[in-house]
Amino acid sequence: MRVVLLGPPGAGKGTQARMLEKRLKVPQVASGDLLRAGVRSRTALGVEAKRYMDKGALVPDELVLKLIEERLKQPDAAAGFILDGFPRTVAQAETLTAMLTGDGHGPPYLDKVIAIIVPDDEIVKRISGRRTCKNCGAMYHLIYDPPRNHNLCNSCNGELYQRDDDAEDTVRMRLEVFAATMRPLFEYYGRAGLLSQIDGIGRPEEIQQRIVEALGDADATPKAPRG
Ligand code: AMP
């Protein structure tokens with residue numbers, strides 16, 4: 001299964017991707033996580049990317065594409081993947097299509113693109129309480145999904161932190177960027193017959209169920225991109 005999850009920051013893409021990873025037995029590939037790993041280990045790419053991430057702006061395509069291309073070549077992604085946070089622009093989507101149609105996998109190049117729809121005010125509420133595990137990347141929410149032990153991850157006991165770009169004004173900026181870039185992307189995947197939009201309000205299990213239902217239609221939809 002090759003799945004793309006689209007949606008604004010805080011739509012629950014990461015949570016849903018992790019749930020799907022277990023269900024479909026293919027890895028979550030999150031461009032934001034790959035970029036943050038580069039920032040933490042201070043690679044040249046990470047240092048460059050940080051300048052954009054701190055402002056809530058998109059990192060230039062060539063940096064992100066390099067990371068994604070390398071990641072999708074790893075053996076664990078051969079049977080499929082769940083892309084989370086990528087693509088963010090039509091240029092990225094076009095490169096992804098070229099990458100996947102040229103990899104010898106044969107059609108379909110993607111099984112489904114799922115857009116998780118959540119209103120802006122709800123996003124700001126969610127993100128301000130969001131905490132992430134430094135070690136394994138698991139996500140928590142101080143009110144909706146608190147960790148069992150204060151500031152420690154339930155699965156690996158790693159320390160939880162608030163991402164720098166989760167501050168409210170940076171979140172508003174990220175939402176503006178999302179609004180400006182997503183419509184053409186929705187249109188691109190809509191034309192390809194791959195897009196399903198689902199309501200992102202509800203408990204994670206309910207949203208997962210909507211995604212699973214949308215994936216159930218994957219075989220019935222046309223797959224070829226039309227530009
Ligand atoms: P995320 O974890 O997906 O919310 O991404 C955090 C930040 O990383 C974004 O605000 C961007 O600065 C950068 N980023 C993540 N994915 C991409 C992408 N596909 N294209 C450009 N920038 C990205």
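Visitor: How should I read R131 in this model, buried or exposed?

Guide: Start from the relative accessible area. A residue is called buried when that area is under 20%. This is a predicted model, and its R131 comes out at 16% relative accessibility, so R131 counts as buried.

Visitor: Now the ligand. How many residues surround the ligand, and which are the closest?

Guide: Read the shell first, then single atom pairs. The shell holds 16 residues, and S31, R36, A57, Q92 and R174 are the closest.

Visitor: What is the make-up of that shell by class?

Guide: Sort the residues into nonpolar, polar and charged. Here the shell has seven nonpolar, four polar and five charged residues.

Visitor: What is 2.6 Å from an oxygen atom of the ligand?

Guide: At 2.6 Å from a ligand oxygen sits a polar backbone atom of A57. R36 uses its side chain: one polar atom there lies 3.0 Å from an oxygen of the ligand. The backbone of G85 also takes part, with a polar atom 3.0 Å from a ligand nitrogen. For cover, compare with the ligand on its own: of its 480 Å² of accessible area, the protein covers 96%.

Visitor: Which backbone features deserve a check?

Guide: Most residues other than glycine have a negative phi, and most peptide bonds are trans. Look for the exceptions. A cis peptide bond joins F86 and P87, with omega at about 0 degrees. P87 sits in the loop between β3 (81-84) and α5 (90-101).

Visitor: What is phi for R42 and for N151?

Guide: R42 is not a glycine, yet its phi is positive, about 55 degrees. N151, also a residue other than glycine, has a positive phi near 65 degrees. R42 lies in the loop between α2 and α3 (44-53), and at 69% relative accessibility R42 counts as exposed. N151 is in the loop between β6 (139-141) and β7 (160-161), and N151 is partly exposed at 28% relative accessible area.

Visitor: How many helices and strands does the protein chain have?

Guide: Count elements, then judge the overall packing. The protein chain has eight helices and eight strands. Its radius of gyration is 17 Å, close to the 17 Å given by the globule rule for 227 residues, so the chain is as compact as a globular protein of that length. The C-alpha trace spans about 45 × 40 × 35 Å along its principal axes.

Visitor: What share of the residues is buried?

Guide: Buried residues make up 48% of the 227. Sequence separation gives another reading. Among contacts with a separation of 6 or more, 71% join residues 24 or more positions apart. The accessible surface of the chain is about 11,300 Å², and 53% of that belongs to carbon and sulfur atoms.

Key
Residues are numbered from 1 along each chain as its sequence is written. This is a predicted model: local features need pLDDT of at least 70, side-chain atom pairs count only at pLDDT 80 or more; totals for chains, interfaces and linings use all residues. Side-chain values use heavy atoms; hydrogens and water are left out. A residue is near a molecule or strand if one of its heavy atoms lies within 4 Å of it. A polar contact is a pair of N or O atoms within 3.5 Å; within protein, one must be able to donate a hydrogen and the other to accept it, and residues adjacent in sequence count only if both atoms are side-chain atoms. Accessible areas come from the Shrake-Rupley method with a 1.4 Å probe; for residues, only the protein chains shown count as cover. Ala, Val, Leu, Ile, Met, Phe, Trp, Tyr, Cys and Pro count as nonpolar, Asp, Glu, Lys and Arg as charged, and the others, Gly among them, as polar. Helices (H or I, at least four residues) and strands (E, at least two) are DSSP runs, numbered from the N terminus. The radius of gyration is taken over C-alpha atoms; the globule rule is 2.2 Å times the number of residues to the power 0.38. Buried means under 20% relative accessible area, exposed over 50%, partly exposed in between (1.4 Å probe, protein chains only). Contact means heavy atoms within 4.5 Å.
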